[in-house]
Amino acid sequence: MSSLEELNNWMSRDFVGYGPNPPDPKWPKGAKIAVNFVLNHEEGGERSPEDGDPISEVVLQEFGPAGLMVPVPGERDPAAETQFEYGARVAVWRLMRLFKKHDIPITIYAVARAMERNLEIPKHFEEAGHEIASHCYKWMPYTGLTAEEEEEYIRKAVLSFQKTSPTGRVPVGWYYGRPSARSAALVAKVYREMGHELLYWADTYADDLPYWSAMPGGKKEEGLVMMPYTLDCNDFKYWIGQVGSDDAFAQHIIDAFTTVREEGLEGKPAYITVALHSRWIGRPGRFQALKKIVEHMMQFDDVWFATREQIARHFKEQFPYEPKA
């Protein structure tokens with residue numbers, strides 16, 4: 001198998017998983033459910049001719065779903081640009097105040113370029129105890145790049161995070177959103193060569209619990225924790241028109257929380273992720289939906305609010321990696 005084939009085929013498909021009897025993750029303090037809030041912070045890392053990109057961003061902005069807006073190659077879009085600016089100027093701070101009020105640690109899917117453009121934001125994230133995970137260097141599709149081009153973006157992201165972190169910390173988890181087939185293998189390769197820890201990969205939606213995969217290109221005894229993300233408990237549902245109101249969005253999240261917590265009470269604990277975007281849920285009208293979600297969850301004393309890193313490390317401790325024979 002060629003090197004390129006190995007990069008493209010590092011993970012085999014699995015339709016079995018844990019089956020009817022998933023393992024008990026034994027969440028801390030006997031919690032029946034773990035809840036992870038993820039804030040995608042992309043503002044300033046989106047596509048824009050101002051930043052050297054061929055087109056302006058058309059995804060997850062107020063003008064509607066993909067196809068409604070057709071970008072003009074090489075031309076800036078002030079309406080799109082300023083919507084993203086709102087996320088970094090206003091919305092992120094509204095969200096930070098809410099999570100601080102309830103003492104909830106969250107995971108930031110941070111676009112490295114976005115962190116570069118407002119250094120107060122990564123400083124605040126880290127000082128507040130939130131986890132910064134990598135959402136790549138730029139917020140864009142990576143399927144059309146060569147392996148060499150994509151690897152260069154990964155290295156650029158790692159170096160950027162080191163510079164914008166007050167302590168020089170490099171993310172231990174990655175989520176692309178629009179990865180290529182070789183993305184995980186390339187990230188693992190770069191981390192191995194640069195001497196950093198790659199704890200988990202989040203471009204998966206396959207389970208309600210973490211699970212193990214072999215580390216791409218690693219030694220036989222090396223595993224990579226797979227941390228399933230969410231597309232249904234995600235505020236981008238507003239943008240694609242699958243959620244018609246704030247009440248509908250809040251109720252969907254609350255229903256997901258109720259289902260998984262009830263299963264936890266029956267002896268099968270798991271976790272849910274609530275996926276957010278600064279410029280989206282941080283708008284005043286949508287913010288009340290998030291407030292309702294958080295206040296509902298805070299009523300229960302058997303909930304573990306955790307970052308993805310905390311969940312991944314707990315899983316790794318409870319279930320050490322066992323290579324397949």
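Analyst: The residues lining the largest pocket of this predicted model divide into 17 nonpolar, six polar and eight charged, where charged covers Asp, Glu, Lys and Arg, nonpolar covers Ala, Val, Leu, Ile, Met, Phe, Trp, Tyr, Cys and Pro, and polar covers the others, including Gly. The lining comprises 31 residues, and those lying nearest the pocket centre are Asp14, Tyr211, Trp212, Ser213 and Lys324. Strand S6, spanning residues 211-214, gives the most to this lining, with four residues. The volume of the pocket is about 1000 Å³ (an open set of 1 Å grid points where a 1.4 Å probe fits, with protein on both sides within 12 Å along at least five of seven lines, and lining atoms within 4 Å of a point).

Turning to the rest of the chain, there are 16 salt bridges (a Lys or Arg side-chain nitrogen within 4 Å of an Asp or Glu carboxyl oxygen). Among them, Arg155 pairs with Glu193, and their closest N and O atoms are 2.2 Å apart. This pair links distant parts of the chain, with Arg155 in helix H5 (residues 147-164) and Glu193 in helix H6 (residues 183-194), 38 residues apart.

Residues are numbered from 1 along each chain. Local features need pLDDT of at least 70 and side-chain atom pairs 80 or more, while totals for chains, interfaces and linings use all residues, and side-chain values rest on heavy atoms, without hydrogens or water.

Definitions and conventions: Points joined across faces, edges and corners; volume = space filled by probe spheres on them. Helix = DSSP H or I, 4+ residues; strand = E, 2+ residues; numbered from the N terminus.
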